[in-house]
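Me: I've got a model open and I'd like to learn how to read it feature by feature. Can you walk me through it?

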Amino acid sequence: MSKIRLAAFDFDGTLVPKDIPNLDLETDIVALLQKLRQQGVYITVATGRHPSYILKRIHRFTFDAIVGYSGNVTLIANQLQAFIFDPAVVRQIAAYAGQLPQLDVTAYTREGIACCGSRKHQAELKARLAQTERICDLNGVTEFLLSEESSVPAMRVSRICLHYADSAQASAIQTAFPKQFHDYRLVRTGNRQMEVLHAGRSKATETLKLAARFQVRADQVAAVGDDENDLEMLQRFHPSYYVGSHHPLLQQAATYTAASCRDVLAALTNKEGERNA
């Protein structure tokens, strides 16, 4: 086995527990990450969050790079690179969602959050944001309506999420969506939420670009994740580790090892220690 030189970790549910706000890394996790770095391993995060969310929340450890929005945004050396959706595509996706029952769209921009859909969804989103100290890279909440076409070109949308009420409809929407939007696909990234990704972008593709930047070969990358948007990483990199309760789709990634985050870090540091001995 090649020496691991880059480890890519999912964030929520992997490095930190899910749905617990403002919780920094635990002491033993920090110690294991520091030990891994001392052994010459680059440590990155690949998450559905925006990189600024990670920087705001994590103060006890500095990552070498962050892949955010499931592959649409990357932060490295304090430089943010973002994929920007064509405004026409944003409008088309909003129109597509408007034709389906109980399906809403949320678009994330540098300026604010654009909410398209039912008044109930808009009200729920606004209430949720009101309880949050800060969401993603937003300095506040600016409301947009995607139906206002004059606003869309200036919005520079870098993340689009579809929110569904009935989990039974998710698989059908995932199958139908790429047939209408040939350059895009949907991955589930939360409770009753799917994220729109360009067909050529994912956590795995952007992690590969980071590896090339760090002069690391693909067979020297380890991946750790817990959800559907981690599947490609778990299939692409070896060793790969799955953290959490078993996800049905992750059965496709036959090469991964199920373990806790602490066990994963301990395994990686022990392997690196053995190789460096």
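Predicted model: local features only at pLDDT ≥ 70, side-chain atom pairs only at ≥ 80, totals over all residues.

Me: Let's begin with Ala77: is it buried or exposed?

Reply: The cut-offs come first: buried means under 20% relative accessible area, exposed over 50%, and partly exposed in between, using a 1.4 Å probe and protein chains only. Ala77 has a relative accessible area of 53%, so it is exposed. It sits in the loop between β4 (73-76) and β5 (79-82). Helices (H or I, at least four residues) and strands (E, at least two) are DSSP runs, numbered from the N terminus.

Me: What should I look for in the backbone there?

Reply: Most residues other than glycine have a negative phi, and most peptide bonds are trans. Ala77 has a positive phi of about 50 degrees, though it is not a glycine. Asn78, in the loop between β4 and β5, also isn't glycine and has a positive phi, near 65 degrees. Asn78 is exposed too, with a relative accessible area of 73%.

Me: Where is there a cis peptide bond?

Reply: Between His238 and Pro239, where omega is about 5 degrees. Pro239 belongs to the loop between α7 (231-236) and β13 (240-242).

Me: How do I read a nonpolar core?

Reply: In soluble globular proteins, nonpolar side chains tend to be buried together. A core here is a set of buried Ala, Val, Leu, Ile, Met, Phe, Trp, Tyr and Cys residues joined through side-chain atoms within 4.5 Å. The largest one has 30 residues, and Phe9, Leu15, Leu25, Leu33, Phe63 and Leu268 touch the most other members. The elements that each supply at least two residues include β1 (6-9), α1 (27-38) and α8 (261-276). The largest share, five residues, comes from α1. A second, separate core of 22 residues includes Ala170, Ile173, Phe177 and Val196.

Me: Which residues of α1 are buried?

Reply: Ile29, Val30, Leu32, Leu33 and Leu36. They cover an arc of only 165 degrees around the axis, which puts them on the same side of α1; the arc is that of the directions from the helix axis to the C-beta atoms. Thr27 and Gln38 are exposed on the face turned away from that buried side. After α1 comes Gly40, with a positive phi near 90 degrees.

Me: How many disulfides are there?

Reply: A disulfide is a pair of cysteine sulfur atoms within 2.5 Å. The structure holds zero. As for individual cysteines, Cys161 is buried at a relative accessible area of 0%, and Cys261 counts as buried at 6%.

Conventions. Residues numbered from 1 in each chain as written. Heavy atoms only, no water.
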